[in-house]
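The exercises that follow are to be worked with the sequence and the coordinates side by side. Each task is followed by a solution that goes step by step.

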Amino acid sequence: MRLHDVVDLAISDAPPPSTTVDTIVRKGRRVRRRRQAGMAGAGVALVVATAFALPALLPGTPGASVTPAAPAAPSTVSSGTAAASLLGDPFIFTFGAFDAGKWHVSAPVVASTAYQIASVYRDGMVTNDRAVDPESIADIQKLKEEGKYPDTLYAFLVLYRPGAYDPESLAGAEKTTVDGHQARIYADPKDRSTRAIAWEYADGAWAVVESRSTSEKTPAAADLRELVAGLDGATATPAKLPFTLSYVPAGYVPVEVGSHATSGLNGIASARDGNYGGAIFTNEAPATTGLAEPFGGVDGADLPGDFEIFVIPAANSNQQKPGTQIRCGNGFCTTRSADGKTSIQVASDGRLSDAEMTKILQGLTLADVTSDANWTDAVTALNP
Amino acid sequence: MITEDEEGFRQFVAAQIGPLRKLAYLTCGNWHTAEDAVSTALAKLYPRWRKLDRPDLYAKTMVYRAAVDETRRPWRRERSAGDEMPDVPLRDHSAVSDERLRVQAALREVPRRQRAALILRFYLGLTLEETAGVLGTSVGTAKSQSSRGLNRLREVLAADHIDLEVGNEAGASAGGTGEWTRAAA
């Protein structure tokens with residue numbers, strides 16, 4: 001028997017492939033989008049630079065020395081001890097936007113069973129988390145060619161619940177104390193543009209800022225320290241969603257949501273793209289202790305057995321067929337709001353049948369996406 | 001990615017997903033894990049598509065690493081009633097199934113790294129240099145790994161009264177898995 005025959009025979013009982021070309025392209029776009037958020041990308045841009053001519057080139061970008069506007073998420077900051085007020089239940093936001101030196105931290109827009117996540121920006125650096133028009137892309141490209149485009153930054157703050165984060169997972173980090181908190185400062189030895197700081201903001205509860213930039217020098221470790229003192233607690237506010245569900249397949253539970261963003265780090269990577277909300281359900285709830293990173297990791301991998309809901313402006317959707325008819329294919333189902341302005345999608349990469357995903361969409365009630373006053377807290381919205 | 005590039009990527013995925021799936025499965029022994037490894041590797045390839053001269057080798061490297069990373073357990077412990085290979089091959093009434101289980105068991109007896117070298121070199125038709133690149137080893141190590149893997153497989157099959165014929169299989173291609181250059185895309 002030839003080797004080819006041996007191998008072919010060994011794999012002759014292979015199940016049909018569950019992954020399609022479309023599925024891979026879709027995942028690839030997601031990976032690219034996240035990397036664009038971290039590295040210099042021409043597709044999206046937001047400028048916080050002071051020493052460059054970019055503000056005039058980017059429509060919608062405020063003028064010089066800009067502090068980026070936070071997404072319209074709960075951000076009512078109150079005084080009080082951080083250790084007490086930062087602690088909260090799943091799907092609750094417990095801090096608001098704050099500034100620390102050149103840093104600007106937005107209000108959190110992602111909440112899960114184990115943590116909250118907020119975008120982090122820095123003066124003089126670009127964060128690519130908002131789409132720009134083609135004309136601006138050309139202008140940005142020109143600046144890049146001239147060497148005038150500033151360094152880019154993709155950074156986020158994850159506030160883990162007590163026990164949720166394992167500080168030892170930051171292998172090789174310097175152990176130190178910052179502002180009275182036990183802390184870890186980390187620089188990736190293989191990629192000096194990747195840095196992180198983790199600090200224990202309350203007993204057993206850690207906050208982590210991860211930063212990826214195109215600069216090997218900025219932000220420096222000392223810069224990251226500035227963030228520690230800036231974090232303070234706010235009035236606990238439930239994460240709110242612009243939709244409610246009347247049907248969820250048996251055995252599935254919500255594990256992560258995005259409010260004014262899609263869920264997870266993908267939501268952070270597109271934080272200022274004007275997305276409305278999202279949620280991830282799974283039938284195999286991920287661990288909520290001893291984590292090293294948010295669910296799905298930096299590459300946004302799917303969670304085992306998960307499905308995801310996206311509620312975004314139709315203009316942001318890559319599904320451009322109009323109408324409220326539910327269309328399914330390639331492991332996801334999509335529909336539009338009655339006014340055609342909002343795209344609503346359930347995606348499971350084939351883990352749920354089209355019939356199940358259709359049933360979820362049929363049971364989804366959309367609120368006024370433009371006004372979060374009438375949105376529903378996540379726990380209520382996702383537990384029919 | 002511009003439309004032209006994306007179409008090239010799509011063609012690449014359509015052509016390579018089958019061989020990559022086989023490589024992943026034969027490395028890790030689990031179809032679900034293999035599927036995940038291929039899907040993840042190709043998704044990561046997407047943003048790098050324009051930058052690679054040999055995306056086929058990049059994809060094979062990523063798939064191999066992903067398949068290894070996701071299966072720290074010895075292959076023989078992978079078991080389920082689903083898509084995985086049964087741990088203990090059982091004879092059945094079907095001669096084809098019986099023989100399939102025997103060759104599956106034989107492949108499991110080849111250490112994973114040697115098995116991957118064997119598949120890359122003699123089944124997917126990579127050169128020694130390309131095989132070394134995918135495995136992350138020297139050419140000498142790739143050569144010894146593939147050779148030892150082949151010998152081990154031959155021994156195990158012989159014990160089951162199956163003669164492994166190894167002719168000039170090096171360089172042969174399974175299902176159009178040869179070099180994928182930018183021009184080909």
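Two residues are in contact if their C-beta atoms, placed from the backbone, lie within 7 Å. This is a predicted model, in which local features need pLDDT of at least 70 and side-chain atom pairs count only at pLDDT 80 or more, while totals for chains, interfaces and linings use all residues. Residues are numbered from 1 along each chain as its sequence is written, and chains are lettered from A and ligands numbered from 1 in the order in which they are written.

**Exercise 1. Describe the largest nonpolar core and the surroundings of Ala207(A).**

Step 1. A nonpolar core is a set of buried Ala, Val, Leu, Ile, Met, Phe, Trp, Tyr and Cys residues joined through C-beta atoms within 7 Å; a residue is buried if 20 or more other C-beta atoms lie within 10 Å of its own, exposed if 12 or fewer, and partly exposed in between.

Step 2. The largest such core has 84 residues, and Leu157(A), Tyr160(A) and Ala207(A) have the most contacts inside it. Its largest share, eight residues, is supplied by strand β6 (residues 153-160) of chain A, where strands (E, at least two residues) and helices (H or I, at least four) are DSSP runs numbered from the N terminus.

Step 3. Once neighbours within four places in sequence are left aside, Ala207(A) is in contact with Leu157(A), Val158(A), Leu159(A), Tyr160(A), Trp199(A), Tyr201(A) and Leu231(A).

Step 4. Another core, of 54 residues, lies apart from this one, and its members include Leu3(A), Phe12(B), Leu20(B) and Tyr46(B).

**Exercise 2. Characterise helix α5 of chain B and its packing on α7(B).**

Step 1. Helix α5(B) spans residues 112-123 and is mostly covered, with nine of its 12 residues buried; the buried residues include the run from Arg115(B) to Tyr123(B). Just after the helix, Gly125(B) takes a positive phi of about 75°.

Step 2. With axes taken as lines fitted to C-alpha atoms, for helices over the stretch in contact, and angles running from 0 to 180 degrees between N-to-C directions, the axes of α5(B) and α7(B) (residues 139-159) come within 7 Å and cross at roughly 100°. The two helices are therefore roughly perpendicular, a class that covers 65 to 115 degrees, with angles under 35 roughly parallel, over 145 roughly antiparallel and the rest oblique.

Step 3. The residues making this contact include Leu118(B) and Phe122(B) of α5(B), and Leu150(B) and Leu153(B) of α7(B). By class, the contact has six nonpolar, four polar and five charged residues, where Ala, Val, Leu, Ile, Met, Phe, Trp, Tyr, Cys and Pro count as nonpolar, Asp, Glu, Lys and Arg as charged, and the others, Gly among them, as polar.

**Exercise 3. Which helices of chain B supply the side that touches chain A?**

Step 1. In total, 35 residues of chain B are in contact with 27 residues of chain A.

Step 2. Helices α1 (3-28), α2 (31-45), α4 (95-108) and α5 of chain B each supply at least two residues of this side, and α1(B) gives the most, with nine residues.

Step 3. By class, the side of chain B that touches chain A has 20 nonpolar, three polar and 12 charged residues.
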